[in-house]
Amino acid sequence: MQSPVERAKLESLSGGKRLKGILAENSADQPLVTVVTAVYNGQSYMAGCLESVLRQDYPNVEHIVLDGGSCDGTVDVLREYDDRIALWRSEPDGGVYDAWNKALAEARGEWICFLGVDDEFLPGAISAYMALAAANPNAEYLSSNVRWVHPSGFQKILGQPWTWGAFSQWMCTPHVGSMHRRSLFDRLGGYNISYRIVADYELLLRARDALRTAYMPIITVVMRAGGTSDTCRAFLEQARAKISAGGRNALLTTVELYAKIAKYSLRPLRYAMARRSTRKGGA
């Protein structure tokens with residue numbers, strides 16, 4: 001049984017409107033959208049992420065933020081937004097996908113999406129997604145484009161319509177901000193935390209060519225590059241997921257893996273050339 005001190009400590013590391021009895025609800029004409037953010041030591045980005053959700057013009061959104069026990073002031077930011085976040089909690093976890101699984105147990109939305117602490121929704125993004133959902137009532141996964149920004153200043157647009165032929169080779173639909181119908185998790189389960197980087201890809205691979213999707217060619221999110229998802233280690237996990245969850249040929253997957261690693265090694269040169277071309281174009 002928890003002591004009063006232990007209960008007070010737990011309460012001090014959680015908050016949000018839900019703990020005050022304010023619950024978001026689904027409705028037939030405006031389905032509830034749950035935005036999930038997992039964070040660890042993300043103080044410098046936390047407010048920007050939260051504000052990008054609060055600025056959305058779609059009226060039925062809940063934001064769940066699970067912090068992995070930050071020690072940099074992230075919790076202080078969450079406390080400042082306590083009356084505008086549906087639920088936040090700070091406690092140790094087993095990584096981002098463990099946090100996402102915890103959030104799935106808390107999510108009340110018909111649609112669920114995941115937004116990194118260093119990513120931001122653009123205005124009108126959620127409204128656009130819900131219009132896409134209404135136009136495609138059988139879809140269970142909705143995607144769009146994102147603007148990917150590298151610290152060097154290099155930018156590119158990511159995203160294309162989902163097809164099994166492309167997706168079985170690489171994650172052609174950016175996961176950040178994309179929408180998952182709750183029934184998709186009921187069917188496929190949660191995230192496999194044995195994957196440290198690409199569990200989002202692995203989960204969708206489980207559906208194979210039966211995944212029901214819809215796509216809109218607009219930019220909904222600004223995504224900052226970096227982290228483990230932008231490393232060669234991610235390619236190794238992708239290869240494992242493609243074989244085990246996607247059923248892809250192991251030899252073919254190995255060839256694709258080495259090709260990706262070779263291309264990755266040339267990134268600094270490509271970024272430098274892109275920056276030089278941009279400077280010349282603006283001269």
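Buried describes a residue with under 20% relative accessible area, exposed one with over 50%, and partly exposed one in between (1.4 Å probe, protein chains only). The model is predicted, so that local features need pLDDT of at least 70 and side-chain atom pairs count only at pLDDT 80 or more, while totals for chains, interfaces and linings use all residues. Residues are numbered from 1 along each chain as its sequence is written, and side-chain values use heavy atoms, with hydrogens and water left out.

View 1. Met46 is buried, with a relative accessible area of 0%. Helices (H or I, at least four residues) and strands (E, at least two) are DSSP runs, numbered from the N terminus. Beyond neighbours within four places in sequence, Met46 is in contact with Thr37, Val39, Val65, Thr74, Val77, Leu78 and Val117, contact meaning heavy atoms within 4.5 Å. Val65 lies 19 residues from Met46 along the chain, and their C-alpha atoms are separated by 9.8 Å.

View 2. The largest nonpolar core, with 35 residues. A nonpolar core is a set of buried Ala, Val, Leu, Ile, Met, Phe, Trp, Tyr and Cys residues joined through side-chain atoms within 4.5 Å. Phe114 and Tyr191 have the most contacts inside this core. Elements that give two or more residues to the core include strand 2 (33-39), strand 5 (111-114), helix 4 (96-106) and helix 9 (232-244). A second, separate core of 34 residues. Val35, Leu78, Phe121 and Ala133 are among the residues of this core. In soluble globular proteins, nonpolar side chains tend to be buried together.

**View 3. The second largest pocket, with a volume of about 240 Å³.** On a 1 Å grid over the protein atoms alone, a pocket is an open set of points where a 1.4 Å probe fits, with protein on both sides within 12 Å along at least five of seven lines; lining residues have an atom within 4 Å of a point. Of the 15 lining residues, Lys17, Pro59, Val61, Glu62 and Arg84 are the closest to the centre of the pocket. Helix 2 (43-54) and strand 3 (61-67) are the elements that give two or more residues to the lining, and strand 3 gives the most, with three residues.

Terms used: Grid points are joined across faces, edges and corners, and a volume is the space filled by probe spheres set on the points.
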